[in-house]
Amino acid sequence: MARDISRVGVVGLGTMGAGIAEVLARSGLSVVAVEIDDEGVARGRGHIEHSTERALDKGKLDDRERADLLGLITYTTSLADLADVELVVEAIPESLEQKAELFAQLDKITGPDTVLASNTSSLSITEIGVHTSRPGKVVGMHFFNPAPVLKLIEVVRTVMTEPDVVTDVVAFAERLGKEPVVIGDRAGFIANALLFGYLNHAVRMYEQRYATREDLDAAMRFGCGYPMGPLALLDLIGLDTAYEILDTMYHQSRNRLHAPAPLLKQMITAGLLGRKTGRGFYAYD
Ligand code: CAA
């Protein structure tokens with residue numbers, strides 16, 4: 001019988017984690033949202049409040065619906081508060097060491113049937129899962145930025161993931177109003193494996209002063225109908241995240257297409273990470 005998932009934990013409330021918590025609460029689920037300290041909680045809460053306020057202004061939510069949604073999210077700095085959830089979605093920074101440690105802790109805290117999902121876009125779900133005693137219940141649940149808007153969820157299965165866990169997570173994603181796809185544990189999964197060669201190529205064209213950033217972006221928006229040009233999209237994703245994804249794919253395939261453009265590394269060193277730091281290829285208020 002399919003798992004009944006009504007209480008979900010989200011660990012890490014950065015751009016993705018906060019967006020994921022909002023998506024879950026929008027579907028009427030109780031969410032336990034965990035951050036490392038009070039500052040992280042305040043930042044994550046602010047993100048969700050701001051996003052739902054925008055939805056209110058646009059008439060997509062009324063006051064009552066917004067209050068109900070916000071009331072479904074409990075914030076905490078203690079992982080122990082995840083003892084009763086049926087699913088955990090992890091969205092902490094892309095460090096295998098940190099994720100391995102977190103999954104080992106989640107394994108001890110949560111019930112034996114709780115599904116542990118990672119939103120990682122650049123690490124191996126298999127390598128994360130082996131740090132638990134339940135690798136059969138470890139999957140990838142990869143959301144896209146902005147999570148409240150984009151419908152795709154890549155459900156990543158490893159050689160150890162139990163088939164019924166995949167079925168249940170796919171059904172759960174559909175319940176959230178999302179479009180799940182299932183993929184094995186390869187670097188870049190489906191979408192990033194196809195997208196990032198293109199994004200990297202755009203950085204190289206910019207680096208070689210082949211065209212201005214505005215013209216590079218305009219070409220793809222107005223010539224190909226993409227909602228954003230590649231450099232604006234890199235600013236949205238975060239250059240550090242983009243670098244990690246490219247680097248992982250490059251190491252796995254040795255395909256030159258994915259060798260990160262040197263300019264990416266230079267911009268990261270300079271702190272120009274995109275929207276989240278106020279400056280990347282473009283400047284933001
Ligand atoms: N949270 C909630 N809602 C948001 C939002 C956010 N952060 N950003 C935009 N929206 C909503 C807006 O409220 C608006 O809703 P309505 O149409 O109902 O009014 C809608 O999205 C469109 O937004 P805007 O009118 O402000 O602007 P837009 O039409 O340019 O859309 C966009 C903005 C949704 C970001 C769009 O440009 C887009 O889809 N861009 C491509 C994003 C993309 O490719 N993301 C994937 C990145 S790869 C990834 O995430 C994977 C990884 O592992 C790194």
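1. Leu82 is in contact with Gly9, Val32, Val34, Val88, Leu106, Ile109 and Thr110, leaving aside residues up to four places away in sequence; a contact requires the C-beta atoms, placed from the backbone, to lie within 7 Å. The model is a predicted one: local features need pLDDT of at least 70 and side-chain atom pairs pLDDT 80 or more, whereas totals for chains, interfaces and linings use all residues. Residue numbers start from 1 along each chain as its sequence is written.

2. Leu82 belongs to the loop between β3 (73–76) and β4 (87–90). Helices (H or I, at least four residues) and strands (E, at least two) are DSSP runs, numbered from the N terminus. Leu82 counts as buried because 23 other C-beta atoms lie within 10 Å; the class needs 20 or more, while 12 or fewer make a residue exposed and values in between partly exposed, with C-beta atoms placed from the backbone. Between the C-alpha atoms of Leu82 and Asp168, which are 86 residues apart along the chain, the separation is 20 Å.

3. Gly9, one of the contacts of Leu82, stands opposite Val32 in β2. Strand β1 (residues 7–11) and strand β2 (residues 30–34) run parallel and are joined by five bridges; pairing requires that DSSP find at least two. Four of the five residues of β1 are buried, so this strand is largely enclosed by the rest of the structure.

4. Which residues are closest to the ligand? They are Ser121, Asn145, Pro146, Pro148 and Pro227, from a surrounding set of 17 residues, each with its C-beta atom, placed from the backbone, within 6 Å of the ligand. Helices α2 (38–57) and α9 (230–237) each contribute at least two residues to this shell. Domain 1 (7–184) and domain 2 (192–276) each provide at least three, the domain bounds coming from an automatic or database assignment.

5. The shell comprises nine nonpolar, five polar and three charged residues. Here Ala, Val, Leu, Ile, Met, Phe, Trp, Tyr, Cys and Pro count as nonpolar, Asp, Glu, Lys and Arg as charged, and the others, Gly among them, as polar.

6. Taken as a whole, the protein has 11 helices and eight strands. Of its 285 residues, 41% are buried. Among contacts with a separation of 6 or more, 66% link residues 24 or more positions apart. Along the principal axes, the C-alpha atoms fill a box of roughly 55 × 45 × 35 Å.

Methods:
Contact = placed C-beta atoms within 7 Å.
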